[in-house]
Amino acid sequence: MKKAVSIWHEGDARWIVIARDPDKPGHVIDTNEYLFSAGGESLLVDPGGIEIFPAVFAAISAECDPGTIRSIFASHQDPDIISSLALWLEFNPAIRCHLSWLWASFIPHFGGSGETFVALPDEGGDVTVGGRSLRAIPAHYLHSSGNFHLYDPHARVLFSGDVGAALLPPDQQGLFVEDFDRHIRHAEGFHRRWMGSNAAKLDWCERVSRLDVDMLMPQHGAIYRGADVGRFIDWFSQLEVGVLRAPPAASDSRKAA
Amino acid sequence: MPGAVMSADTAAEAGRAPPDRSSPVARMTPTLTKACTSPPRSELGRTVRLSEETRRVIALAFGVRLMALNAIILARRAGASARGFGVLSGELRRFTGELESAMDELRRLTWSAVATVTARVKQARVAGVLERARAAAPQSERWIDEPLARMARAAESQAAELRATERALQEAIRDADRIGLMGGVLARTARIEAAYGDVFRVQLTEVADGFDRAIASILASLQQLESTEMGARS
C-alpha cells in the first residue's frame with residue numbers, strides 16, 4: 001500500500017507525497033502523487049491512473065481528509081497522470097482540474113463536465129489553494145507538447161512531472177536521492193528517450209535555475225533536495241535528448257511518463 | 001477482481017481486515033455493487049449483436065427495394081400478362097419501406113440500450129475501484145459510501161430504463177416479424193404470378209426467385225434478432 005509522507009509544512013500548509021506501493025502489480029509503473037494543503041483546501045497533483053486510485057485514496061485518507069481536495073493539477077495528458085479523474089469526480093463532482101489548454105478537450109474522455117476543467121494558457125498561470133498561490137510553469141515538450149510543472153515559491157518546491165523521473169531498481173526505493181551519481185544512472189535512458197526537444201530542455205533549465213528550489217519532485221522515482229537540485233539541472237542541461245541514437249535498452253523503452 | 005465485494009475470506013487471504021459493514025450503506029453496498037456489475041458486459045455484447053443483425057436486415061431490405069424497382073420496370077415491359085406481377089412488385093417495394101421504418105426504430109432502441117449499458121459498464125468499473133479503495137482503507141468508508149450509494153441509485157434507475165427499452169425492443173421485433181411474414185407471402189405470390197408472364201415467364205420467375213431468397217434471408221435475420229433478444233430474457 002502506498003504511503004503518504006509529509007515532506008514540507010509550515011502552519012497549516014503542507015506538501016505530502018504519496019509514493020512507493022509494494023503491493024502494486026508489476027506491470028503498472030510506480031508513480032508519485034503529491035498533495036498540497038493550505039487553509040482547509042487541498043490540491044492533488046498528478047493524481048495517477050485508475051488502477052492505483054484505491055492505493056492513493058487510502059494513503060491520503062490515512063493522513064488527511066480527502067474531502068478537502070477541491071482541485072487537481074494535471075501536468076499533462078498521460079493515463080498514469082490523470083486517468084483516475086472520473087473516480088475523483090465521483091467522490092467530489094465539484095473538483096476542478098487545472099491543465100494545459102491543449103488537453104482540455106482530450107482529458108474529458110477520462111471524465112468530467114464542461115465545468116471541471118480550468119485550461120492553462122501556454123505561458124502558465126497561478127493556481128490558488130487556500131489563499132496560497134502556486135505557479136504553473138511551462139515545460140512544453142518535456143515530454144508532452146502541452147506540459148506544466150508546479151512551483152510553490154513559498155515552500156520553494158518544484159513539482160517537475162516527468163523531468164527528474166527515474167526508474168529505480170527494487171533495492172533503491174528511497175524517497176529522496178541520497179547518492180546523485182548512483183541515482184542519475186536510472187534517469188538517463190528515460191530522459192534521453194522521453195524528453196522531446198533539446199531547445200525546450202535548455203529553455204526549462206535556464207528558467208528553473210533562476211528559481212529558488214529546495215526540492216525538485218518528479219512524478220516517478222526519488223525527490224532531489226538541496227544541492228542535488230542544481231546538480232540535476234546541470235546534468236539535464238548537458239544531456240542530449242530528443243534523439244533516438246541507438247535502439248533503446250528494454251528498460252528505457254518502457255513508458256514511464 | 002474489479003467490481004467484486006471483498007469477502008472476509010478474500011480479505012484474510014490478502015492480509016487485510018475485511019471492510020466494516022456496520023453502517024446501513026455498507027450493508028447495502030454488496031447488493032448495490034452487484035446491481036452495478038453483474039449484467040452489463042453480456043448486455044453490451046448482446047446489444048452489439050442486435051445492432052449488427054439490424055444493419056444486415058436494413059441492407060437486405062435495400063436490396064429488395066432495388067429488385068422491386070427493376071421488377072416494376074420489367075412488368076411494364078411485359079404488359080398485360082405481368083400486371084399482377086407489377087402490382088406485387090409495388091407491394092414488395094412498400095413492404096421494404098415498412099421494414100426499413102421498423103428496423104430504424106429497432107436501431108434507435110438498440111443504440112439507446114447500448115448507451116445505457118455503456119453507462120452501466122463504466123459505472124460498474126468505477127464502483128469496483130471505489131470498493132477496492134474502501135477495502136484498502138476502512139477509514140475511507142465515510143467518504144466512499146456516499147458516492148457508492150449515489151452510483152447504486154443511478155444503477156437502479158438505469159436498470160429500470162433498460163427494462164423499458166427491452167420491452168420496446170421486444171415489441172419492435174414482433175412488429176418487424178409481422179412485416180417480414182407479409183414479405184414472405186408477397187414473395188411466394190410473386191412466384192405464382194410469374195407463371196402467368198407469358199414470354200417473360202422465365203425472367204419474371206428469376207426475379208421472383210430473387211425476392212424469395214432475399215426475403216428468406218430477412219426472415220432468418222429477424223429470427224436471429226428474436227433469439228438474441230430471447231437469450232437476454234432467459
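**Close-up views of a predicted two-chain model**

**View 1. A:Ala227 sits in helix H6 (residues 227-238) of chain A.** Helices here are DSSP runs of H or I with at least four residues, numbered from the N terminus. With a relative accessible area of 53%, A:Ala227 is exposed (over 50%; buried is under 20% and partly exposed lies in between, using a 1.4 Å probe and protein chains only). A:Met195 is 32 residues away along the chain, and the two C-alpha atoms are 23 Å apart. A word on the model itself: it is predicted, so local features need pLDDT of at least 70 and side-chain atom pairs count only at pLDDT 80 or more, while totals for chains, interfaces and linings use all residues. Residues are numbered from 1 along each chain as its sequence is written, chains are lettered from A in the order in which they are written, and side-chain values use heavy atoms, leaving out hydrogens and water.

**View 2. Aromatic rings form a cluster in chain A.** Over all chains, the structure holds 15 aromatic pairs. Here is one of them: A:Tyr224 and A:Phe232 have ring centres 4.9 Å apart and planes at 45°, so this pair is tilted (rings of Phe, Tyr and Trp, the last by its six-membered ring, pair with centres within 6.5 Å; planes under 30 degrees apart are stacked, over 60 edge-to-face, the rest tilted). A:Tyr224 is buried at 0% relative accessibility, and A:Phe232 is buried with a relative accessible area of 0%. Ring pairs join these two to A:Phe180, A:Trp204, A:Trp235 and A:Phe236.

**View 3. B:Val129 meets chain A.** This residue belongs to helix H4 (residues 83-136) of chain B and is buried, with a relative accessible area of 2%. Leaving aside residues up to four places away in sequence, B:Val129 touches A:Ile50, A:Phe53, A:Pro54 and A:Leu87 (contact means heavy atoms within 4.5 Å).

**View 4. Chain B packs 15 residues against 17 residues of chain A.** The area buried between them is about 1,500 Å², with carbon and sulfur atoms giving 67% (accessible area lost on being put together, 1.4 Å probe, summed over both parts). B:Val129, B:Arg132 and B:Trp143 supply 33% of what chain B buries against chain A, more than any other three residues.

**View 5. Three salt bridges link chain B and chain A.** In one between A:Glu51 and B:Arg125, the closest N and O atoms are 3.8 Å apart (a side-chain nitrogen of Lys or Arg within 4 Å of a carboxyl oxygen of Asp or Glu). H4(B) gives the most to the side of chain B that touches chain A, with seven residues.

Terms used:
Buried area = accessible area lost by both parts, 1.4 Å probe.
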